[in-house]
Amino acid sequence: MLNLVLFGPPGAGKGTQSERIIQKYKLVHLSTGDLLRSQIAAGTALGLRAKQLMDQGLLVPDEVVIGMIESKLRENQDASGFIFDGFPRTVRQAEALDELLSQYRTGIDLMVALMVDDEELTRRLLLRGQTSGRPDDQNEELIRRRVTEYNEKTTPVASYYADQQKLATIDGIGDIETIFDLITKQIEQATG
Ligand code: B4P
């Protein structure tokens with residue numbers, strides 16, 4: 001069993017690197033951003049509520065995302081491991097994840113944190129916004145709001161895992177394959 005958290009600000013490369021990690025390690029990919037966007041696409045009540053917040057660059061309430069993760073863990077009980085992408089984004093979510101995983105007698109092995117400066121994040125997200133159709137990638141002010149939300153509510157999550165000696169920090173600027181190699185080295189070091 002291998003359980004990873006992929007961490008970093010909006011646009012750090014979490015979704016991009018997750019795709020490569022799941023292929024190599026055969027993990028189940030749980031991206032709360034993707035799960036929320038599929039609720040929006042399906043027009044559910046949860047999706048409508050989430051869209052209002054996401055379109056303003058704000059986090060969705062903890063209980064909503066924790067509930068989504070809880071049901072995905074239940075659906076995938078025979079998985080050989082998970083990659084949590086964009087979750088946990090608050091300390092409350094991190095605590096809830098530990099509680100949920102302990103019910104399956106497992107826990108987080110490693111958090112990989114991708115470090116990218118604000119200028120590069122903005123450049124990447126505006127570029128993606130030209131083709132993704134994602135409302136939250138459309139303008140600089142909204143991207144700034146997401147980065148502020150990250151700095152205020154999400155950065156403490158890194159200390160939560162650092163305190164447990166589970167944090168690996170990686171430079172997220174550079175070639176996608178080079179960053180992937182750095183991530184795999186950290187995974188192999190952590191899993192022996
Ligand atoms: P997410 O879907 O998680 O969006 P994100 O932070 O932008 O990350 P994403 O994975 O999409 O981008 P990536 O860095 O891979 O969240 C969206 C919203 O949902 C949040 O703002 C929030 O409202 C809500 N939400 C989600 N989870 C939540 C939670 N747990 N609690 C509360 N609310 C939650 O890539 C960005 C771009 O950079 C891509 O275009 C990529 O091609 C490019 N890129 C990647 N690596 C690169 C590299 N090395 N060099 C150059 N470009 C690169």
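**Reading the ligand site and an aromatic pair**

Me: Where does the ligand sit in this model?
Reply: The model is predicted. Its ligand sits in the largest pocket.

Me: Which elements give two or more residues to the shell around the ligand?
Reply: They are α1 (14-25), α2 (32-42), α6 (118-132) and α8 (176-191). The largest share comes from α2, with 4 residues.

Me: How many residues surround the ligand, and which are the closest?
Reply: The count is 29. Gly13, Gly15, Thr32, Leu58 and Arg146 are the closest.

Me: How do I read the polar contacts?
Reply: Look for pairs of N or O atoms within 3.5 Å. Arg128 places a polar side-chain atom 2.8 Å from an oxygen atom of the ligand. For Val60, a backbone N or O atom lies 3.1 Å from a ligand nitrogen atom. Arg124 has a side-chain N or O atom 3.4 Å from a nitrogen atom of the ligand.

Me: How much of the ligand's area does the protein bury?
Reply: Taken alone, the ligand exposes 1,000 Å². The protein buries 88% of that.

Me: How is a pair of aromatic rings described?
Reply: By the distance of the centres and the angle of the planes. Here the count comes to 4 aromatic pairs. One case involves Phe7 and Tyr150: their ring centres are 5.7 Å apart and the planes stand at 45°, so the pair is tilted.

Me: Which parts does that pair tie together?
Reply: Phe7 lies in strand β1 (residues 2-7) and Tyr150 in helix α7 (residues 140-162), so the pair links parts that are 143 residues apart in sequence.

How values were computed:
Residues are numbered from 1 along each chain as its sequence is written. This is a predicted model: local features need pLDDT of at least 70, side-chain atom pairs count only at pLDDT 80 or more; totals for chains, interfaces and linings use all residues. Side-chain values use heavy atoms; hydrogens and water are left out. A residue is near a molecule or strand if one of its heavy atoms lies within 4 Å of it. A polar contact is a pair of N or O atoms within 3.5 Å; within protein, one must be able to donate a hydrogen and the other to accept it, and residues adjacent in sequence count only if both atoms are side-chain atoms. Accessible areas come from the Shrake-Rupley method with a 1.4 Å probe; for residues, only the protein chains shown count as cover. On a 1 Å grid over the protein atoms alone, a cavity is a set of points where a 1.4 Å probe fits but cannot get out, and a pocket is an open set with protein on both sides within 12 Å along at least five of seven lines; lining residues have an atom within 4 Å of a point. A molecule sits in a cavity or pocket if more than half of its atoms lie within 2 Å of its grid points. Rings of Phe, Tyr and Trp (its six-membered ring) pair if their centres lie within 6.5 Å; planes under 30 degrees apart count as stacked, over 60 as edge-to-face and the rest as tilted.
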